[in-house]
Number of protein chains: 2
Amino acid sequence: MMTDLIHPFDRATALDDAGHDTRRGHTSEEYWAFLGPFGGVSSAILLRSVLEHRARVGEPLALTVNFCAPLARGEYFVTTLPLRTNRSTQHWSIVLSQGDETVLTATAVTAERRESWSHQPVPAPHRPPPEDLELFQSPTVSTWPRQYEFRFAAGALRAFEGGEQNPADSKSALWMRDATPRPLDHLALASMADAFFGRVFHAIGRVVPFGTVSLTTYFLADAQEVARHGEDRVFAIADAKRFNRSYNDQTIELWGADGTLLVTGVQVAYFKA
Amino acid sequence: MMTDLIHPFDRATALDDAGHDTRRGHTSEEYWAFLGPFGGVSSAILLRSVLEHRARVGEPLALTVNFCAPLARGEYFVTTLPLRTNRSTQHWSIVLSQGDETVLTATAVTAERRESWSHQPVPAPHRPPPEDLELFQSPTVSTWPRQYEFRFAAGALRAFEGGEQNPADSKSALWMRDATPRPLDHLALASMADAFFGRVFHAIGRVVPFGTVSLTTYFLADAQEVARHGEDRVFAIADAKRFNRSYNDQTIELWGADGTLLVTGVQVAYFKA
């Protein structure tokens, strides 16, 4: 079967034509979270709709995805509109819907990157050799973590008591890559930018109702630079700054093994604790 | 004149009714940047269109603004649509246009905040007493910096030679408040989240062509907590992680004088250097 040769990530993010600016997709059991597909795959689906649009110019620069409602199992439609095309940047509006329901809204910017002054002021984080770190076994019933290979250098998900009174560090640092090897691209990075457990689980030591509300991803590396990473691991960092009245922020970084910063991202999430 | 009693920020962000979900505004000379209005005021205008919408539920949680084109002097229209209203969150789509031109696109999330576990893992930054710090005199012809009082604790904007070869620290830490006192609210915070000079100017010691492309702001404090700050100064931090092929990121934090984190934000900007 031809489909066996398609990587699960490409199956989960595949889109068929369904009219002028509209594409059709189908949810995948392989990247399932609590109440719907893993947010990273949803983010990648929307980015794919931009990258495969006939009018697209440039490479991904910024992507913001708003999670309006859980995506139900089955078919969905993605409408992808280029609202403005400039000399260097192109601005996109994207809506994923099921029936009359708006499920995801997003904006994206693609950009032509020109040579310019380059500088990376942020120091690369300490990256212990992945072979010294244990392969993480996900304790959740969600299928999406099984699609990745995680090796935590710090802040692995673990259960403990009394976390509300004495919260643990909410920071994680880990190597990640696709469980089935796949060359790195911007779609993979869009998904990896959300491939973290809720910071609140890490802080209080238990899993509580949780959902990403809005997710913003910046692509700081161009396609050529990303492609050079091939199937190498990405070093990922995630932390939260404040949990307050049912919402918290999360800041992430995705680093190439060579110490170049590929992606920065933020999200705001709902939690009940 | 009644208008003399209105704060310049409220004048610059005022919107009149212009049909069902559409409001009309007019650019202000008082918050002008290089090629158009200061991005912070544009962000506040879009947030105001949400907060003043008759169907609005909850308080600001997340706001992403995409700068598609420079806003020209004169009239503009803002169309503000509630795309989805849930039990706790409401999702908004906003477009600012002039004639046939899409100038700004945005998404916002408002939320009902419920009591829950609260925790601020990030330590408050060192905040030297503002009276020990010099009042910053903006060297630019832009009018917007004059609407704020800046007192830099670190990383004040300054000109120097050879910055491309030996870049300075791109981080700034400063006290800011409205030059004309105004009680803090979410609109003021939306604007302050962009009230920084381009990180590239700080890094290379000169002003170059620059523009924000996409700006995301998370409001981590509710309206009551924000209101308690009154006309107090806000302690602001901004830094960049990577400048690469004409684009760079910026991460910001806005802190209350009492050491609570009010806002986190990111932006991706274009520069030519």
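**Stop one: rings in chain B**

Select B:F243 and B:F271: both of them are buried. Keep in mind as you click around that this is a predicted model. B:F243 sits in strand β11 (residues 243–244) of chain B and B:F271 in strand β13 (residues 261–271) of chain B, so this pair ties together parts that are 28 residues apart in sequence. The ring centres of B:F243 and B:F271 are 5.9 Å apart with the planes at 80°, so call the pair edge-to-face.

Over all chains, the structure has 34 aromatic pairs. For a stacked one, pick B:F38 and B:W144, at 4.3 Å centre to centre and 10° between the planes. B:F38 is in the loop between β2 (22–26) and α2 (39–51) of chain B, while B:W144 is in the loop between β6 (101–111) and β7 (148–154) of chain B, so the pair ties together parts that are 106 residues apart in sequence. B:F38 and B:W144 are both buried.

**Stop two: over to chain A**

Now select A:F38, A:F136, A:W144, A:Y148, A:F150, A:F152 and A:F197, which ring pairs link into a cluster. Next, colour helix α2 (residues 39–51) of chain A: 13 of its 13 residues are buried, so the rest of the structure largely encloses it.

**Stop three: charge over ring**

Show A:R73 and A:W32: A:R73 lies over the face of A:W32, 4.1 Å from the ring centre. In chain B, the charged end of B:R73 sits over the ring of B:W32, 4.0 Å from its centre.

**Last stop: both chains**

Zoom out. Chain A superposes on chain B by a rotation of 180° with 0.0 Å of shift along its axis (RMSD 0.0 Å). The two copies are therefore related as by a two-fold rotation axis.

Conventions. Residues numbered from 1 in each chain as written. Chains lettered and ligands numbered in written order. Predicted model: local features only at pLDDT ≥ 70, side-chain atom pairs only at ≥ 80, totals over all residues. Heavy atoms only, no water. Buried < 20%, exposed > 50% of the residue type's maximum accessible area, 1.4 Å probe, protein only. Helix = DSSP H or I, 4+ residues; strand = E, 2+ residues; numbered from the N terminus. Least-squares fit on C-alpha atoms with pLDDT ≥ 70 in both. Phe/Tyr/Trp six-rings, centres within 6.5 Å; stacked < 30°, edge-to-face > 60°. Lys NZ or Arg CZ within 6 Å of the ring centre and 35° of its normal.
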